[in-house]
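Student: Can you walk me through this one? I'd like to start with a helix and then go to the ligand.

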Amino acid sequence: MPEPVLDKRLIAESFSRAAVTYDQAAALQRTVGSNLLERVPADSAPVDIIDLGCGTGYFSRALTARFQQPVIGLDLAEGMLRHARQLSPALPAWVAADAEALPLRSDSQDLIFSSLALQWCPDLSKALAEAWRVLRPGGCLAFNTLLEGSLHELRSAWRAVDDFVHVNRFMPLDELQAVLGTAGFADWRCEVEQHVLYYPRLGELTQELKSLGAHNVNPGRPGGLTGAARLRRLTAAYEDFRTADGLPASWQVAQVLMFKATDN
Ligand SMILES: C[S@@+](CC[C@H](N)C(=O)[O-])C[C@H]1O[C@@H](n2cnc3c(N)ncnc32)[C@H](O)[C@@H]1O
């Protein structure tokens with residue numbers, strides 16, 4: 001079966017709707033983004049910095065604080081950018097942009113930071129090619145992305161209910177590594193982090209995903225509302241995963257650093 005292609009208009013609308021609720025629901029996003037920021041080499045002193053897929057701008061502000069430079073936030077979702085602008089009026093620019101076609105000059109940036117955004121790109125290699133193009137020689141792309149195995153409990157519980165696509169597809173690690181290896185960067189490293197969050201009830205997990213804008217936008221998604229009977233089957237199937245800590249939701253996160261050669 002061909003891979004479903006994500007619809008960027010639906011992604012942007014979904015994240016725009018979630019702009020106001022995003023920050024309260026974003027505990028995992030904060031952790032993995034902070035872990036990414038810590039990985040950016042301590043001796044780097046970037047001047048031109050972008051936060052790609054900046055969302056509400058939490059890491060745009062963290063980058064500004066760490067590097068003492070104004071950071072430009074870019075995002076596909078206008079609603080996210082509006083919210084980011086309200087939260088950080090001091091930052092110079094919030095730009096509507098697609099990671100696969102950046103409105104930036106070649107060789108113009110020292111650091112591209114991107115936390116949990118690139119898994120929404122239908123073509124990761126296009127986004128990497130764009131990052132490579134806009135980085136200066138010696139520049140760094142620091143990004144993280146979700147890997148296969150993320151939300152496997154939810155995917156499996158839905159399988160007990162129907163054959164629709166309910167959970168976005170995430171790349172297997174070997175596929176990601178192959179894409180990284182052919183992206184033209186002089187040096188790169190990729191480490192995998194595993195996180196498990198626990199919820200008292202399934203409704204709390206699904207509500208959190210909704211608050212984050214992490215909606216199912218696959219072409220194979222079901223239409224209409226989830227009926228009560230199907231929801232009961234889903235809940236029962238998810239209960240098979242229950243532990244003493246609650247219902248688990250697993251996340252596999254690849255933390256990636258890529259460096260453009262200094263002599264391009
Ligand atoms: C999970 S949020 C992460 C936001 C922020 N980086 C953080 O860690 O809080 C993902 C963001 O990526 C944005 N996004 C999705 N696809 C994108 C694309 N092709 N280009 C730019 N941004 C995109 C979404 O609109 C959303 O704001």
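Tutor: Ala228 and Arg232 are exposed, on the face of α10 turned away from its buried side. Exposed means over 50% relative accessible area, buried under 20%, partly exposed in between (1.4 Å probe, protein chains only). This is a predicted model: local features need pLDDT of at least 70, side-chain atom pairs count only at pLDDT 80 or more, and totals for chains, interfaces and linings use all residues. Residues are numbered from 1 along each chain as its sequence is written, and side-chain values use heavy atoms, with hydrogens and water left out.

Student: Which residues in α10 are buried?

Tutor: Leu234, Ala237 and Tyr238. They sit on the same side of α10, because they cover an arc of only 100° around the axis. That arc is taken from the directions from the helix axis to the C-beta atoms.

Student: OK, ligand now. Which residues come nearest?

Tutor: Gly53, Asp75, Asp98, Ala99 and Ser115, of the 20 residues around the ligand. Being near takes a heavy atom within 4 Å.

Student: What is the shell like by class?

Tutor: It has 14 nonpolar, 3 polar and 3 charged residues. Asp, Glu, Lys and Arg count as charged; Gly is among the polar ones.

Student: What is 3.0 Å from a nitrogen atom of the ligand?

Tutor: An N or O atom in the side chain of Asp98. A polar backbone atom of Ser115 is 2.9 Å from a ligand nitrogen. Polar contacts here are pairs of N or O atoms within 3.5 Å.

Student: How much of the ligand does the protein bury?

Tutor: 98% of the 600 Å² that the ligand exposes taken alone.

Key
A polar contact is a pair of N or O atoms within 3.5 Å; within protein, one must be able to donate a hydrogen and the other to accept it, and residues adjacent in sequence count only if both atoms are side-chain atoms. Accessible areas come from the Shrake-Rupley method with a 1.4 Å probe; for residues, only the protein chains shown count as cover. Helices (H or I, at least four residues) and strands (E, at least two) are DSSP runs, numbered from the N terminus.
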